[in-house]
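This briefing covers the overall architecture of one chain and the local setting of selected residues. Please consult the sequence and the structure shown below while reading.

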Amino acid sequence: MGIRSRNFMKIERFLINSASWFVIGGQIVYLLLSTVFSVFFLIPRTFSHLPIYIDFTITSFYLLMVISLTRSFYLSCRVDSYAPRQTDQTADSNQSACNICEAQRGIDIHHCSACNKCVVRLDHHNVFFSRCIGLYNYRFFLSYVFLTALVNAHIVITCIVQFSPILRGDLTFIFGPFIDLLETIIFMVFSISISFGCICLFFLELVLIFNGITMHDYVHDTELAFSIKEFILLLVGLGTPQTKQSFMRQWRLYFGSGKLYDIAWPPRVLRGGLSLHSD
C-alpha cells in the first residue's frame, strides 16, 4: 500500500470518527429531549383524565425502556469486537496475520478500514456508536435498535391517544395552545420515521441471524443462500422444528442463551464464558 493511499485512509478515518462523535452527541440530545417531553408534558397531558396509578404505570414503563436503551447505547459504544493481535506464540500457528493491523486472521475475521482493525464476525461499521459491530457487541446493537423502535412507538401511540378527541368530533384541542399542538405533531412525525426505520432494520437483522450470515456477508457475497420466506413462516408460528433450532442456534451465538427476552436487557457477560473487550 502506497503512502498516498495510507494518507487517504487516515483522512477517511478522521472524517468518519469526527462525524460519529457528532452523531453520538445528537442521539444523546434527542434522547434527553424526548424523555423530558414525554415524562413531563406528553404523558401527563394525555392521561390526565385517568387515575394517577395508570399515569404512573405508563410513565414507569417508558422510563424503564429508556434506562435499558441507555444501557445498550453505552455498551454498544464501549464494547468492541476486535480480533486479538498476533503474538510470538500464535505466529507459529497456521493462522495468518493481517498485513495492516497484525491481528490474527480467520474465516469470520474481516478488516475494517474505518477502525483500521480486524473485527471478529464483522457485521458493519456503525457511525452511531463509532464502533464496528461484531460478535461481542452485536447483542447490544440489536437491543438498541429494538428499544429505539419501542420507545418511539410509545411516543407515537401516546400522541395518537392525545389526538383521539378530534376523531370523536371534539375540536377544543385544536383551538388550545398552538405550541402544544405543534410540538406534539413534530415529535410524532419524527418518532414515526425513527420507529419505522428501526423496525425495518431490526427485521433485516433477524433475517440475517436466521440465515446465519452478517450484514458484511450479505453486502459482499451475493452468492450466499438467503431465505426470507422461511423466516416469515417461523415468525408467524408455521416454521418447522429444524428452522426454529437453526434460528435459536444463531441467537445463542450472540446472546449466549435461547431466551428471546434477553433483547430487552442483554447480558454483559455471555453464558459459556465468552469475555467482552472494552476500552
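Strands are DSSP runs of type E with at least two residues, and helices are runs of H or I with at least four; both are numbered from the N terminus. With these terms, S130 lies in the loop between strand 4 and strand 5, the latter spanning residues 131-133. The model is predicted, and the values that follow were computed from it.

**Overall architecture**

- The secondary structure of the chain consists of eight helices and six strands.
- Along the sequence, these elements follow the order α-α-β-α-β-β-β-β-α-α-α-α-α-β.
- The chain has 279 residues, of which 43% are buried.

- N126 belongs to strand 4, which covers residues 124-126.
- The relative accessible area of N126 is 6%, so this residue is classed as buried, the cut-off being under 20%.
- Leaving aside residues up to four places away in sequence, N126 touches R131, I133 and F141.
- S130, in the loop between strand 4 and strand 5, has a positive phi of about 55° although it is not a glycine.
- S130 counts as buried because its relative accessibility is 17%, which falls under the 20% limit.

**The loop between strand 2 and strand 3**

- N116 is located in the loop that joins strand 2 (109-112) to strand 3 (117-120).
- Phi of N116 is near 60°, a positive value in a residue other than glycine.
- N116 has a relative accessibility of 23% and therefore counts as partly exposed, a class that lies between 20% and 50%.

**The loop between helix 7 and helix 8**

- T240 occupies the loop between helix 7 (229-235) and helix 8 (241-255).
- T240 is classed as partly exposed because its relative accessible area is 38%.
- From C-alpha to C-alpha, T240 and E230 are 8.9 Å apart in space, with a sequence separation of 10 residues.

Notes
Residues numbered from 1 in each chain as written. Predicted model: local features only at pLDDT ≥ 70, side-chain atom pairs only at ≥ 80, totals over all residues. Heavy atoms only, no water. Buried < 20%, exposed > 50% of the residue type's maximum accessible area, 1.4 Å probe, protein only. Contact = heavy atoms within 4.5 Å.
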